[in-house]
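My entries follow in the order I made them.

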Amino acid sequence: MTGYVDKIREIAERLLRECKVDKVIGFRRGTVPMMNEPCIITKPGEAAQLVWDGHCGINLANYLTDRKERIGVVAKGCDSRNIVNHIIENKIKRDQLFIIGVPCQGMIDRHRIAALASGEVLAVSERGEEVVVQGADFEQTLARADMLQQNCRVCWHRNPVIFDEMVAEPVAEQSGVDRYQDVRHVESLPTEQKWDFFEKLLAPCIRCYACRNACPLCYCPTCFVDESRPQWVGKGQDPTDTRTFHFLRAYHCAGRCTDCGACERACPVGINMRTFTKKLEKDCYDLFGWETGLTLETRPPLDVYRPQDPGSFIK
């Protein structure tokens, strides 16, 4: 992806030099392996900081909410779809943005690599279709395709759906991918097994809210978990409060989630909370034929009322 990096830096430097934007939001090398961090540059000379590889999984649309300045932003497929969400939901205006589109080849699953490594991971690099993992006394070479985040393995929209300039030609979209196989499996379980499945899924949750903080959809000034009048959930580790947080946050994302994986990537205990949002994504797709963030011309189905809306789910 060296060509990506050079082009991203060239575009960012040009935008700032020509005063077309006030700042550019992209990624710089992180201080720990597999964790590139978002950065905001405001001077042409700072463009050399920008990087791009399989460790840029954080959704940069999260940093656009309610901005007033002109912004250049680096965006892969899911980021661009969340930018569409923000524009539709009046969190930012299209003419404020210069979108630097990046065809995505999938983000690396840091949890999976850490689990497979023979010791503490000190460096991870990509070499074509391979990922090289290095520690103090070991080096492992893994197939990149096997190390992708789960959401990237089933992604239908790797290329940006909205952009001002692309850093490279679009990549081939994946075909023959069953996005909802895992959801159908859970749907098929008897009630008791479903309950047990979700109890085990959420048991490790420490209520750190990293998933909420990483999500570009969670921009409410005061989250419902922080409300005190009324208080919707307690502050302790009661399982009911934990379930309430995850279920209500998922419903808040219904018809809006792009399955960018930011929530799962941020989780320090590795919970796959995408199980909730993917179920609601599947329902929106099955009931309304809706995929979020693909167009600025149509409002989400849960944002409008139509007499012909399906109602079979109402019991």
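**Entry 1: Arg-14**

I looked up Arg-14 and found it buried, with a relative accessible area of 19%; buried means under 20%, exposed over 50%, and partly exposed in between, with a 1.4 Å probe and protein chains only. Arg-14 lies in helix α1, residues 2-17. Helices here are DSSP runs of H or I with at least four residues, and they are numbered from the N terminus. The side chain of Arg-14 is joined to that of Glu-165 by a polar contact of 3.0 Å. A polar contact is a pair of N or O atoms within 3.5 Å; within protein, one must be able to donate a hydrogen and the other to accept it, and residues adjacent in sequence count only if both atoms are side-chain atoms.

**Entry 2: what I am reading from**

I note that this is a predicted model, in which local features need pLDDT of at least 70 and side-chain atom pairs count only at pLDDT 80 or more, while totals for chains, interfaces and linings use all residues. Residues are numbered from 1 along each chain as its sequence is written, and side-chain values use heavy atoms, with hydrogens and water left out.

**Entry 3: salt bridges**

How many salt bridges does the structure hold? I read 32 salt bridges, each being a side-chain nitrogen of Lys or Arg within 4 Å of a carboxyl oxygen of Asp or Glu. I looked at some of them in turn.

Asp-178 pairs with Arg-184 in a salt bridge, and their closest N and O atoms are 2.4 Å apart. Asp-178 is partly exposed at a relative accessible area of 34%, and Arg-184 is also partly exposed, at 37%.

Lys-282 and Glu-187 form a salt bridge through their side chains at 3.4 Å, N to O. This pair links distant parts of the chain, 95 residues apart: Lys-282 is in helix α10 (residues 274-288) and Glu-187 in helix α5 (residues 181-188). Lys-282 is buried, with a relative accessible area of 9%, whereas Glu-187 is partly exposed at 29%.

Glu-199 and Arg-243 meet in a salt bridge at 2.5 Å, N to O. They too come from distant parts of the chain, 44 residues apart, with Glu-199 in helix α6 (residues 191-202) and Arg-243 in helix α8 (residues 239-252). Is Arg-243 buried or exposed? Arg-243 counts as buried at 15% relative accessibility, and Glu-199 as partly exposed at 31%.

I also found one network, in which salt bridges that share partners join Arg-179, Asp-259, Glu-264, Arg-274 and Glu-281.

**Entry 4: domain 1 and domain 2**

The chain is divided into domain 1 (1-106 + 156-177), domain 2 (110-147) and domain 3 (179-300); the bounds come from an automatic or database domain assignment. I looked up the first pair. The C-alpha centres of domain 1 and domain 2 lie 25 Å apart. Nine residues of domain 1 are in contact with eight of domain 2, contact meaning heavy atoms within 4.5 Å.

About 670 Å² is buried between domain 1 and domain 2, and carbon and sulfur atoms give 60% of it. Buried area is the accessible area (1.4 Å probe) that two parts lose on being put together, summed over both. Of the area that domain 1 buries against domain 2, Pro-33, Met-34 and His-55 supply 66%, more than any other three residues.

I counted zero salt bridges between domain 1 and domain 2.

Note on methods
Helix = DSSP H or I, 4+ residues; strand = E, 2+ residues; numbered from the N terminus.
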